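Here is a briefing on one protein model, written for reading beside its sequence and coordinates.

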Amino acid sequence: MNNTSILFKTLKVGELSLPNRIVMAAMTRMRCDNNTKVPNNMVSDYYSQRASAGLILTECTLISQRSNAFPGCPGILNEEQVEGWKKVIESVHKKNGRIALQIWHSGRATHSNLQNGLIPWAPSPIAINGLNYAVQQPHEIPHEMTIEDIKLVIQQFKEGAYRAKKAGFDAIELHGANGYLVDQFLRSHSNRRNDQYGGSVENRSRFCLEIIDELVQVFGKGRVGIKVSPTGRYNDMLDEDPIKLYSYLFKELDKRQIAFIEIMNSKDADNCYGHGHPASEKQVPNLLQQLRPFFKGVIIGNVGLTAQLAAQGIEQGLFDAASFGTLYIGNPDLVERFKDNLKLSDSDSKKYFGGNHEGYSDYPFYQG
């Protein structure tokens, strides 16, 4: 049996004390009411069942009506949503869990049909190649954000963070991955601006860092993190020099002493969702090794990990904790299953997105 005991060692993440190094990754599950975007009792059940995780990262949560990329995704726009989240947080805290909000703007990765006719916003008027998953129509050419638009969205992130704090979240994670708005500003394929928010890696990082500064003002640096996908291809993404971009970004995040960076070490295949970009691992082999020296805080590794691979990565110093997505769907007691080397349950991929409690909050704990 491989030794995974390091996964069960405590870890200080900024101001948070984690009882283990097993993190529940953010996963879009689309179980909130589609009109109100309010988390319901089903959502409370789902997260509280998984409270033994060292840290729970919620699904991406919108800050703006222009960020409605999925039916049934949650919001942090108003008091009704704050009250819904309060119930979720209380249910997790009752089981001695810790939960962070993943705060998010979809940018161009949505469609006007999902947001009452509002055209998506982006750093540059470049459409995602292919169909929008939620409406099965071609992606639209987005509106190129003005400086005023940028300032408005940064303010919306700040207001969302205030509401998240009011709801009682233990921390906040900025979604800077997977081709959503922050990622669109960061990477060269989607950001063709020639003002202070485009061009150089310093300029392309500016939007992200200005949001981080606002989140730190609200939550404190020890309760702020970010998720990035330096070589991820989802939503037609590519950067011409990921190491140059992310080494700069990580150094700036290190100066701000935020709590953690979650890195998606993408394993995208050669066809890369049909966008024609090079496979992630071919573009940057050893991504984690190359970026690790630039950030002294906690690194959370993500994508395709098993208990053994996670333990090895921590032992090797590539990251300090590991986040698990799909494994957490069918195994609410993943920590205990890893610890006791118990059989893992499969999950039904047909029930990942939307629907009722089936395939969501009805997976049983281990029964030997």
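Predicted model: local features only at pLDDT ≥ 70, side-chain atom pairs only at ≥ 80, totals over all residues.

Residues are numbered from 1 along each chain as its sequence is written, and side-chain values use heavy atoms, with hydrogens and water left out. Eight strands close into a barrel with parallel pairing.

**Barrel**

- The barrel order is E3-E4-E5-E10-E11-E12-E13-E14. Neighbouring strands of this sheet are turned by 25° against each other on average, direction ignored.
- Helices (H or I, at least four residues) and strands (E, at least two) are DSSP runs, numbered from the N terminus. Two strands pair if DSSP finds at least two bridges between them.
- Strand E10 (residues 171-176) and strand E11 (residues 224-228) run parallel and are joined by five bridges. Within this pair, Glu 173 has Gly 225 of E11 as its bridge partner.
- Helix H3 (residues 147-167) packs on the sheet, where it touches strand E5 (99-104) and E10. The direction of H3 makes about 160° with that of E5; axes are lines fitted to C-alpha atoms, for helices over the stretch in contact, and angles run from 0 to 180 degrees between N-to-C directions.

**Strand E5**

- Strand E4 (residues 55-62) runs parallel to E5, and five bridges join them. Leu 57 is paired with Ala 100 of E5 as its bridge partner.
- Six of the six residues of E5 are buried (buried means under 20% relative accessible area, exposed over 50%, partly exposed in between, with a 1.4 Å probe and protein chains only).
- One side of E5 carries Ile 99, Leu 101 and Ile 103, the other Ala 100, Gln 102 and Trp 104, and all are buried.

**Largest pocket**

- The largest pocket holds about 980 Å³ of space. A pocket is an open set of points on a 1 Å grid over the protein atoms alone, where a 1.4 Å probe fits, with protein on both sides within 12 Å along at least five of seven lines; lining residues have an atom within 4 Å of a point.
- Of the 35 lining residues, Ala 26, Met 27, Asn 178, Met 264 and Thr 326 are the closest to the centre of the largest pocket.
- Strand E14 (321-324) and helix H10 (326-330) are the elements that give two or more residues to this lining. H10 gives the largest share, three residues.

**Ser 229**

- Ser 229 lies in the loop between E11 and helix H6 (242-256). Ser 229 counts as buried because its relative accessibility is 0%.
- A polar atom of the Ser 229 side chain is 2.8 Å from the backbone nitrogen of Asn 178.
- Not counting residues up to four places away in sequence, Ser 229 touches residues including Asp 183, Arg 187, Tyr 246 and Met 264 (contact means heavy atoms within 4.5 Å).

- Met 30, in the loop between strand E3 (22-24) and helix H1 (41-49), has a positive phi of about 60° although it is not a glycine. Met 30 counts as buried at 12% relative accessibility.
- Asn 96, in the loop between helix H2 (79-94) and E5, has a positive phi near 60°. Asn 96 is exposed, with a relative accessible area of 62%.
- His 357 is in the segment after helix H11 (334-339) and counts as partly exposed at 38% relative accessibility. His 357 and Val 43 are 314 residues apart in sequence and 8.9 Å apart in space, C-alpha to C-alpha.

Methods. Polar contact = N/O pair within 3.5 Å; in protein donor to acceptor, adjacent residues only side chain to side chain. Points joined across faces, edges and corners; volume = space filled by probe spheres on them.
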